[in-house]
Amino acid sequence: MTKNGVILTGGGARAAYQVGVLRAIADMYPDWSHPFNVIIGTSAGAMNAMALAGNRGLFRHNIDHLEKVWSELTMDRVFRADTFNLMRGFSNVARKMISRPIESGPVSFLDSSPLRELLEQEINLENIRQTIQEGQIDAVGLNACGYATGQNVCFFESADGMEGWSVGQRGGTRTKLTVDHIMASAAIPTLFAPVKINREYFGDGITRQMAHLSPALRLGARKVLVIGVSANAMCPPKRPEKPAMPTLTQVLAHVFNGMFLDTLDYDIDRSRLVNQLLELIPEKRLKESGLDLYPVDILEISPSEPINDLAMKYIAAMPLVLRRLTGASESAPFSSANLASFLLFDHRFCRDLIELGYRDGQSHARQIERFFAREAEG
């Protein structure tokens with residue numbers, strides 16, 4: 001049987017969308033326990049990945065719990081969102097920027113200690129190890145970026161026999177996953193503090209991540225479901241008739257989009273191109289060449305509607321200081337919600353994203369059926 005994997009990408013609060021897609025899959029296969037052999041998570045997707053890997057019952061029951069967590073989420077369960085802590089974070093960043101390097105320490109605007117408490121409460125690490133030992137899944141991996149080396153590392157826990165890798169700025173390390181690995185993968189640059197793992201500080205796995213599919217393939221997956229959080233394909237950009245000078249937050253929003261959204265689209269396009277080229281090469285010639293290349297079945301499910309539009313409805317839920325930081329306002333055009341949507345951990349916004357993900361999952365029902373079809377059936 002061809003092993004399949006799921007890739008859960010980053011995007012802050014946008015990752016609630018992934019739960020809706022997974023809910024649609026759970027409804028299609030209510031008796032399944034572990035539909036995926038390999039689970040890879042990055043940034044906020046790392047939290048969802050670990051929740052999936054720790055499933056000890058039916059898949060749909062696990063999704064019930066994951067959906068409940070996201071549907072009841074508030075910003076103060078992810079970071080300290082009161083005015084005092086926000087202002088203290090901003091002043092700390094300003095002070096460290098002008099201090100000597102030895103006094104600088106981690107630079108972050110937000111205190112993400114509540115997120116650690118949430119993860120310790122909701123993620124059962126021992127369940128994950130038992131699930132792997134029993135052969136229910138082969139591996140779970142979390143991507144993070146080392147700030148000293150610039151290397152993007154997939155920390156993975158797996159069955160015996162799987163080895164790590166190092167290819168340029170990409171690597172994989174077999175280890176015992178902890179809450180530190182999740183926190184590191186979800187540490188959005190400058191917003192959340194990096195986390196020290198072994199001898200290096202690590203931050204958000206999206207940083208310098210150009211090969212999103214690679215870790216799943218190296219861990220044995222040959223079919224990959226990618227659940228993204230970008231609506232780029234469905235919602236092409238519109239150029240204004242009278243362009244204005246971009247604000248700092250608009251520039252930052254494009255930087256975040258480039259990290260969290262655009263590189264995934266590029267990697268999928270590149271992989272599909274490789275698939276097309278492999279179809280033109282006779283199998284005998286491919287084997288003779290010695291190239292370790294093979295076609296990969298890729299199913300991508302991403303938002304069918306602009307997430308910015310959903311976020312604009314709940315901008316008022318953000319603290320005023322945070323709205324100023326992200327450049328968001330109720331009266332501003334929807335584009336101002338771009339940066340804000342990454343931090344809008346509001347239960348109403350998350351529920352809307354889950355509903356959108358569920359609808360999109362249902363609309364891909366035939367593709368999902370083909371994805372999970374056994375080789376004997378296909």
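**Reading a predicted model**

Author: Thr190 counts as partly exposed, because its relative accessibility is 41%; buried means under 20% relative accessible area, exposed over 50%, and partly exposed in between, with a 1.4 Å probe and protein chains only. This is a predicted model, in which local features need pLDDT of at least 70 and side-chain atom pairs count only at pLDDT 80 or more, while totals for chains, interfaces and linings use all residues. Residues are numbered from 1 along each chain as its sequence is written, and side-chain values use heavy atoms, with hydrogens and water left out.

Reader: What share of the residues in the protein is buried, and how many helices and strands are there?

Author: Of the 378 residues in the protein, 53% are buried. The protein has 16 helices and ten strands; these are DSSP runs numbered from the N terminus, helices being H or I of at least four residues and strands E of at least two. A contact means heavy atoms within 4.5 Å.

Reader: Where does Thr190 lie, and what is its phi?

Author: Thr190 is placed in the loop between α8 (179–185) and β7 (195–197). Its phi is positive, about 70 degrees, although Thr190 is not a glycine. Ser43 likewise has a positive phi, near 60 degrees, and is a residue other than glycine. Ser43 sits in the loop between β2 (38–42) and α2.

Reader: Is Ser43 buried or exposed?

Author: Ser43 counts as buried, because its relative accessibility is 1%.

Reader: How far is the C-alpha atom of Gly205 from that of Ser43?

Author: The two C-alpha atoms are separated by 5.7 Å, although Gly205 and Ser43 are 162 residues apart along the chain. Gly205 belongs to the loop between β8 (200–204) and α9. With a relative accessible area of 0%, Gly205 is buried. Leaving aside residues up to four places away in sequence, Gly205 touches Thr42, Asn143, Ala144, Cys145, Asn152 and Ser185.

Reader: What should helix α3 span, and how far apart are its end C-alpha atoms?

Author: The expected span is 1.5 Å times one less than the number of residues. Helix α3 (residues 59–71) has 13 residues and so should span 18 Å; its end C-alpha atoms are 18 Å apart, which agrees.

Reader: Which residues of α3 are buried, and what covers them?

Author: The buried residues of α3 are Phe59, Asn62, Ile63, Leu66, Val69, Trp70 and Ser71. Their cover includes α1 (16–28), α2 (44–53), α6 (113–122) and α15 (347–363).

Reader: How many salt bridges are there?

Author: A salt bridge is a side-chain nitrogen of Lys or Arg within 4 Å of a carboxyl oxygen of Asp or Glu. By this rule there are 13 salt bridges. One of them joins Asp27 and Arg23, at 3.5 Å from N to O. An α-helix has 3.6 residues a turn, so residues three or four places apart point the same way. Asp27 and Arg23 both lie in helix α1, four residues apart, about one turn of the helix. Asp27 is partly exposed at 39% relative accessibility, whereas Arg23 is buried at 11%. Arg23, Asp27, Asp64 and Glu67 are linked in a network of salt bridges.

Reader: Which residue forms a salt bridge with Lys313?

Author: Lys313 pairs with Asp352, the closest N and O atoms being 3.1 Å apart. Lys313 lies in the loop between α12 and α13 (320–326) and Asp352 in helix α15, so the pair ties together parts that are 39 residues apart in sequence. Lys313 counts as exposed at 53% relative accessibility, while Asp352 counts as buried at 15%.

Reader: Which residues lie nearest the centre of the second largest pocket?

Author: On a 1 Å grid over the protein atoms alone, a pocket is an open set of points where a 1.4 Å probe fits, with protein on both sides within 12 Å along at least five of seven lines; lining residues have an atom within 4 Å of a point. The second largest pocket is lined by 16 residues, of which Ser214, Leu217, Ser271, Asp292 and Leu293 lie nearest its centre. The elements that give two or more residues to this lining are α9 (214–218) and α10 (248–279). Helix α10 gives the most, with five residues.
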